[in-house]
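Subject: Structure handover, with notes on what was found

Hello,

I am passing on the structure that I have been reading, and I would be glad if you kept it open beside these notes. Please go through them slowly and look up each residue as it comes.

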Amino acid sequence: MNNPNLDARTEILVKNLRQVVTDVFGGNLVGVYIHGSLALGSYNPHVSDLDYVIVVSRAPSKSTKLRLMRATFDKLIPYAPQKGLEFHVLTQNELKRGRHPFYFELHYSPMHKREYIDDPEGYVAVMHGLDPDLAVHLAVIWQSGIVVTGRPIRSVFREISPVDYFDSALRDVSDAATEIMENPVYTILNLCRLVGYMSDGIILSKADGGRWAIGHTDSMYNPIIKWALAEYTGSSGENREPHKEALTSFAQAMLARIAALQRRKED
């Protein structure tokens, strides 16, 4: 991977990631593939996380999972962006099966940090199963993924159907009317990019989803979207934080539009 737009710290992180997975998995490694904001062109180390999928030929043992987690904390997390690292380990056979929701062998995100630190062996023993979010991640890899090391994307992954992508993405915003109070920036921009996908069929980053929505949604919501974009990109926005009533109204309007677009596609 050679990306001139990466900051020095992230360059070190990606280099270390390549070395870690090679050391841990050896000949069992198929490849490592970045999705998320870095793949979609809106990565900002001050507000982003680094998202990636590790693909292996055979399901890793408990001891291999522990080695990966130790190396992740020792060699990767010290260089992680502001929101940390998130990754899944999947087998090649699971990708060939191609059925949503996909089964993962191991998963980590910052929300599980304490759980892992308190009981590493217990964590790797139970952290596996079906994840409905994976269809979105795999669709981003198919469209825009970055190969850190390993085989080309088209030889490892299958294209995610629009139906599976929509189901996966919708789960992330289905509770938007309440979630928007707890995490307004994430919810606002995720709603925008899902409407953008349903309208144009292109998977957008959060930032690009917000920019798209400014020209394709009711202008009364532009201040809300511009505020979320300013917060997400770390720029100084002129718009004040929206009132709770405005946030709820926005979420309800966008969910209604998503439902209308879905009915139109089904007709």
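A residue is called buried when its relative accessible area is under 20%, exposed when it is over 50%, and partly exposed in between, with a 1.4 Å probe and protein chains only. The accessible areas themselves come from the Shrake-Rupley method with a 1.4 Å probe, and for residues only the protein chains shown count as cover.

Before the findings, please note that this is a predicted model, in which local features need pLDDT of at least 70 and side-chain atom pairs count only at pLDDT 80 or more, while totals for chains, interfaces and linings use all residues. Residues are numbered from 1 along each chain as its sequence is written, and side-chain values use heavy atoms, with hydrogens and water left out.

Let me begin with strand β2, which covers residues 50-56: seven of its seven residues are buried, so the strand is largely enclosed by the rest of the structure. In a regular strand the side chains alternate between the two faces of the sheet. Here, Leu50, Tyr52, Ile54 and Val56 point one way from β2, whereas Asp51, Val53 and Val55 point the other way.

Two strands are said to pair if DSSP finds at least two bridges between them. Strand β1 (residues 29-35) pairs with β2 in the antiparallel sense over six bridges, and among the residues involved, Val32 has Ile54 in β2 as its bridge partner. Strand β3 (residues 85-91) runs parallel to β2 and is joined to it by seven bridges, with Val53 standing opposite His88 of β3.

The next topic is charge. Side chains of opposite charge can pair when their charged atoms come close. A salt bridge is counted when a side-chain nitrogen of Lys or Arg lies within 4 Å of a carboxyl oxygen of Asp or Glu, and by this rule there are five salt bridges. One of them joins the side chains of Glu121 and Lys62, at 3.7 Å from N to O. This pair links distant parts of the chain, since Glu121 belongs to helix α6 (residues 120-126) and Lys62 to helix α3 (residues 62-76), 59 residues apart. Glu121 is partly exposed at 47%, and Lys62 is partly exposed at 41%.

Another salt bridge, between Asp167 and Arg171, has an N to O distance of 3.0 Å, and both residues lie in helix α8, four residues apart, which is about one turn of the helix. Asp208 and Arg211 also meet in a salt bridge, at 2.8 Å, and they lie three residues apart in helix α11 (residues 206-214). How accessible is Asp208? Its relative accessibility is 31%, so Asp208 counts as partly exposed, and Arg211 is partly exposed as well, at 47%.

Finally, Asp133, Asp172, Asp175, Glu179 and Glu182 gather in a patch of negative charge on the surface. Such a patch is made of residues with over 30% relative accessible area and no salt bridge, with like charges joined within 9 Å; Asp and Glu count as negative, and the place of a charge is taken as CG of Asp or CD of Glu. Asp172 is found in helix α8 (residues 162-173) and, at 34% relative accessibility, is partly exposed.

With best wishes

Technical notes:
Patch = residues over 30% accessible without salt bridge, like charges linked within 9 Å, V, L, I, M, F, W, Y side chains within 5 Å. Helix = DSSP H or I, 4+ residues; strand = E, 2+ residues; numbered from the N terminus.
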